Amino acid sequence: MRRPNDMLPIGRIAERTGMAVSAIRYYETEGLVHPIRTEAGQRQFRRSDIRRLSFVKIAQELGFTLAEIRGEMAKLPEGRTPTKADWGKISRMFRKRLDARIAELQRTRDKLDGCIGCGCLSLKSCALYNPDDAAGARGAGPRNIIEGG
């Protein structure tokens, strides 16, 4: 049974998360939170939605798309506060993706440090050198830097 103080109006959720009311409404349309409507049509949020919205904000800042976030959040239970185990499952997936991204960023940083600071006068030893667009067969973008080619 819900107690009246278990539910919060959108303005209070905005205060608690530091988000604009319009952002919270947008996340609702994106299916990231599911407020309950009162008979008067006002949105009422569970206290657990503070954590859900905070998670969305952090995940976006880390570069995850709303589709990725929505896919993971769909695994959380509705109607009850997610447990530590619930969040742990999502955390493991995000950690795996972040570790891969960190490794890619480190490889890119190391190659760019060498490239920018090398002062070489030979394109043959340059990581960006791509004769006849050979790297293009591996995909778009700076493949030699991204993949270490």
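## Confidence of the model

This is a predicted model, and its pLDDT averages 82 over the protein. A score of at least 70 is reached by 77% of the residues. Confidence is highest in helix H2, residues 21-29, with a mean of 96. The lowest mean, 61, belongs to helix H6, residues 143-147. Where pLDDT is low, the predicted coordinates should not be read in detail.

## Overall architecture

The protein contains six helices and three strands. Read from the N terminus, these elements follow the order β-α-α-β-β-α-α-α-α.

Of the 149 residues in the protein, 30% are buried.

## Packing of helices H3 and H4

Two packed helices are described by the angle between their axes and the distance between the axes. For helix H3 (residues 48-61) and helix H4 (residues 66-73), the angle is about 140° and the axes lie 10 Å apart. The crossing of these two helices, H3 and H4, is right-handed.

On the H3 side, the contact is formed by Arg52, Phe55, Val56, Ala59 and Gln60, while H4 contributes Leu66, Ile69 and Met73. Sorted by class, the contact of H3 with H4 comprises six nonpolar residues, one polar residue and one charged residue.

## Leucine 66 in helix H4

Leucine 66 is located in helix H4. Leucine 66 counts as buried because its relative accessibility is 13%, and the cut-off for this class is under 20%.

Leaving aside neighbours within four places in sequence, the contacts of leucine 66 are Tyr26, Tyr27, Glu30, Leu32, Val56 and Gln60. Among them, Val56 and Gln60 also belong to the H3 side of the contact between H3 and H4. Tyrosine 27 is 39 residues from leucine 66 along the chain, yet their C-alpha atoms are separated by 8.9 Å.

## Leucine 62 in the loop between H3 and H4

Leucine 62 occupies the loop that lies between H3 and H4. With a relative accessible area of 39%, leucine 62 is partly exposed. This class covers values between the 20% limit for buried residues and the 50% limit for exposed ones.

When residues up to four places away in sequence are not counted, leucine 62 touches Leu98 and Arg101. The C-alpha atoms of leucine 62 and phenylalanine 94 are 9.7 Å apart, with 32 residues separating the two in sequence.

## Serine 91 in helix H5

Serine 91 is found in helix H5, which spans residues 84-118. Its relative accessibility is 42%, and serine 91 is therefore classed as partly exposed. Serine 91 and glutamate 72 are 19 residues apart along the chain, and 9.4 Å separates their C-alpha atoms.

Notes:
Residues are numbered from 1 along each chain as its sequence is written. This is a predicted model: local features need pLDDT of at least 70, side-chain atom pairs count only at pLDDT 80 or more; totals for chains, interfaces and linings use all residues. Side-chain values use heavy atoms; hydrogens and water are left out. pLDDT is the predictor's confidence in each residue, from 0 to 100. Helices (H or I, at least four residues) and strands (E, at least two) are DSSP runs, numbered from the N terminus. Axes are lines fitted to C-alpha atoms, for helices over the stretch in contact, and angles run from 0 to 180 degrees between N-to-C directions. A crossing is left-handed if the near helix is turned anticlockwise from the far one by less than a right angle, and right-handed if clockwise. Contact means heavy atoms within 4.5 Å. Ala, Val, Leu, Ile, Met, Phe, Trp, Tyr, Cys and Pro count as nonpolar, Asp, Glu, Lys and Arg as charged, and the others, Gly among them, as polar. Buried means under 20% relative accessible area, exposed over 50%, partly exposed in between (1.4 Å probe, protein chains only).
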